[in-house]
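Visitor: Please take a close look at the aromatic rings in this structure. I would like to know how they pair up and how they sit in the chain.

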Amino acid sequence: MERKPPPDQIILIHGTAAADIADRGSRWWQLESGFQIWLRSWLAGFAFGKPFHWSGANLENRRDEAALALLERLRKLDEKVGYHLIAHSHGGSIVWRCLVASAKQGKRLEGLRSWTTVGTPFITFRSIAASIWLLIASLVSLCLLALCLFPDRPGEVWTAIQRLRQTEQTASVLIYYLLVAVLGLVATFATILVLQPMIAWLRDRSLDEAARRAGHWYGPLWLGLWHPLDEPINLLAGSLGAAPAIAPRLSSTSLLSFVPFVVPIYDGLFARAADEFIWSKVVERAQGSNIVGRRAFAVGRSPPALYPGWGPIPEEIASRITERSDLHAGRAVNRMRATFEGAYDTQGSEVVFSALARTVTFQELIHTSYYDDDGVRTMIAEWVNLHAGHEPISAAHPLVFPLKLDATTVTDVPMSRQPNNRRRLDFAFALGLITLSGLLAMAILSFYGAKISPATDQYQVERIAAMARRPAVNSVGSEAALPAVLMRLELLGIAKRAEDFLDDIGDAITRQNAAEGVGYALGYAGQFDRLDSVALRSENASFVILTVKAAAVLGASDAGLKPPDDLIEELRAQFVRKAAGSSMRTVADALIAFYGRSGAEEIGKLIKERGATTVLSAPIVPPNNPSLDVTDDCYLAFIISTTRHLTAEQRNELRAMIDCKETSATWLTGSILRTLVDEPHYPTLIAITKGTALETVSIKDLLLELLKKGDAKLSDTTLKLMYVIEIEKAYDRFAFEHLSDAYDAALIDYNRPYVMQLMTEAGNRLAKLGDNDTATKLFTKIENDLPKLYEEHVEAYKNTLFAESTIATFRGLIAHFVRSDRRNDAAWWIRQTYSILLDRKDDEENLRTLWYAAIAEAAETLKLDGLTKQAIEAGLAVKEPSPREPNVRGAIELGIVSMALRGDDPIGYTRAAFEKATDWLNRVSEREGLELDVVKLVSAWSKLGELPRAREIAERAPTRRATLAGYVAMLDVVLDRSLAKASAQPNVIGKRYSLEKVMAEWQ
């Protein structure tokens, strides 16, 4: 026996605001309702499925969710039974969206037999075109965000933030982050407003194709019933279009009307934008439009893919529904009047509105009255019966369905795209976003400039450039630091050309010296074409250009470059014409540097061509004798005697060719001797001392005489002591006993620590010259005497620390042990000294930190890591309420030793040491002796990335030249970080203007 197929199911779907969790009830779509009972009696061969429940919310996304849920249920029914869908109001929208979703999936609902929509407003939501104003606002906000994120180079901002965090300025960093984050949110919001319509447009494209497919698949199964006076359909259609006037306008008699353009701008832009904003919120609420980027563009009585669809329900049925609704509406009005009559007595809005809600039954609306009419019921039943393949129910009385409309006869096109009616709102909103972004950007950049920017390298370099233009800083005479600063600023791109700074130098001597220094650097870089522009910056251009060109030749020689031939010929001509003054010095020095040791003969020819002269050069002041004027020939002799570009033998031969008639030439002899200390040439020594008192002077006599004067610097005393030692060697009469006797004699009458320091310096110089035998004997004597020095301090000063000169002796002795490979002896002396130091309690000379630094340095040399850290920690633990120069110097040396430690610096020795040095430096009353130390501290902070602190210290240096040297140290660090940007050759400044060179000249 053939199995009978299951009957088709009928599924009822409610509309907006009609949700109820109960399957059974009195609502039209519930089981056992009046409509369901009537329909069941007419369609006896059909089954009624469980009504489809959804939220009933008037929201587009909820209707989409309901459509997907319905599709899932229908997919399950496809496998079992056929079904018919009957939906009211937005329930019909859900059915249509469900069918479009099935078409998008590419799988047809095979069980669908028919679908009927009653009073459904088919709202067409489309992506809105991206507003040009919002696009501009988005671009502006993004550009401002990028500007605020990277006001300097990206690495600069991050480095500055890290520095602020290290210096416990976290609040500034957090405020900056907060402001940038707010601007980022504004920019993100503006960008989303632009992107969402684009994303929605892509979604629309796929939905349009799916809708066309759904219309082809399911269009013949659809019955659309609608009343011409259906309230929601008509009201929703009327919500499209331009906004009415809502916001108040300015009166022509208002006080603001006297201000030009205020009234038309307010009424035409801001008031109109307010209209559009308020109206958009009202209609979006009514339409259920809550998906950003999409807007209702049309309201129709059929889906767009089935347009124009069905005509209105038959006139007879429509008239009955209208009459019935009017009757109920009249009764509702009477009930409202009765409610209003009692409103005076209640005096309460809650009671009134509650009563009004009870007076409305919704039978007053045509939209909710369809299912009360038998004609509508019959059309629905016949449509279901027809598509189930059954015979007509009322064959005796054929039913008249609404007419199917022909697209060629329909004049209205509700599906057409609506124009953008929110142009002023978009403009006003974009203007607000731009204004907000601009205000935030101004706040961020102002805060950045005040708090963050000073911590960047770029800011520090710009500040250095500004300071370099100030006469209070750049008026330093002949100091080499200024031109070094100028060239570094050029390398960093702060000035297009270093010579641009020369105009700001007020002091003539300083300007000429700086021009000479710039010329040297240009020669080192091979940029000879800029020399004339450098010289023309000076008042005496004809004089300065010669020195600038000569300096350029010196630079080229140091760099291994060949200067242009015409430049060398010009210098030769000036030399032969006996250029006077400092120009002669630079010309002679340049020619000597150019020809060098291999061209000594050419220099000799130039000297012969030049001949002799007796013209006095008053500006030429020989070293250490400001009262003495000398001839150009004598000054030329001095230049040749002291140049580093010739051997000692060549210097002696060339000097002999010059007719220096100056009778008091002791200064010249002394200058020559200075050059022979580090490179002894015995024939020259004999030539310049033969027949003078220096030929027979003894080491002992000279030493005692120097100590007796007591006003010479240690370096000068050591230098003169070395003169005599080398002179004795030249005459082959030197013996260590001479030096030993001088040492012993000095210890009898003079300060032991100073004498031992002097001998230590002499021993270091002897070792440097290769006289290791004499140096070893001298240090052995010092080693034997050092315990006596310790004992002497114990007896004479009780708990007082050793003198500062003893530190130099200690360091020299350790260096000797290391050179002699006596590392065990060195380690013993370091530990012994550290042990004695720990026993000392007082520190009247403020030397404790300096001593700990010396011990730490010596221990680090021997890689005694444990002792090194102990000494550093002991030095950092020193507390000094009234610091002096040795305290500062010791703390700086502790930091330098800490930087050399292998591995990480977990306890922060380096930073702690420099923090202590900076604190003590700020509290020291006398800083004159801390020039070199201040520069070291500036260099150290710069290497640690603390340029703001480094510049602050440099600008508080005791002298201008120390300030400039500190700038050189800072700029070197910045250059090292940006070599690729600075130059193909990292250091075009060359050897002459290195930081070490500047500081060596001070010493």
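Guide: What follows is an account of the ring pairs, then of the charges over rings, a strand and the cysteines. This is a predicted model, in which local features need pLDDT of at least 70 and side-chain atom pairs count only at pLDDT 80 or more, while totals for chains, interfaces and linings use all residues. Residues are numbered from 1 along each chain as its sequence is written, and side-chain values use heavy atoms, with hydrogens and water left out.

A pair of aromatic rings is described by the distance of the centres and the angle of the planes. Rings of Phe, Tyr and Trp (its six-membered ring) pair if their centres lie within 6.5 Å; planes under 30 degrees apart count as stacked, over 60 as edge-to-face and the rest as tilted. The whole structure holds 18 aromatic pairs. One of them is stacked: Trp96 and Trp115, at 6.1 Å centre to centre and with 20° between the planes. This pair links distant parts of the chain, since Trp96 is in helix 3 (residues 90–105) and Trp115 is in strand 4 (residues 112–118), 19 residues apart. Helices (H or I, at least four residues) and strands (E, at least two) are DSSP runs, numbered from the N terminus.

Buried means under 20% relative accessible area, exposed over 50%, and partly exposed in between (1.4 Å probe, protein chains only). Trp96 counts as buried because its relative accessibility is 8%. Trp115 is buried too, because its relative accessible area is 0%.

Another pair, Phe914 and Trp941, is tilted, with 6.0 Å centre to centre and 55° between the planes. Here the linked parts are helix 37 (residues 909–923), which holds Phe914, and helix 38 (residues 931–943), which holds Trp941, 27 residues apart. Both Phe914 and Trp941 are buried.

Ring pairs also join Trp96, Trp115, Phe122 and Trp222 into a cluster.

Some rings have a charge over them (NZ of Lys or CZ of Arg within 6 Å of the ring centre and within 35 degrees of the ring normal). The charged end of Arg469 sits over the ring of Phe501, 4.1 Å from its centre. Lys729 lies over the face of Phe734, at 5.6 Å from the ring centre.

Strand 5 (residues 122–127) runs antiparallel to strand 7, joined by six bridges; two strands pair if DSSP finds at least two bridges between them. In strand 7 (residues 294–300), seven of its seven residues are buried.

Finally, the search for disulfides (cysteine sulfur atoms within 2.5 Å) finds zero in the whole structure.
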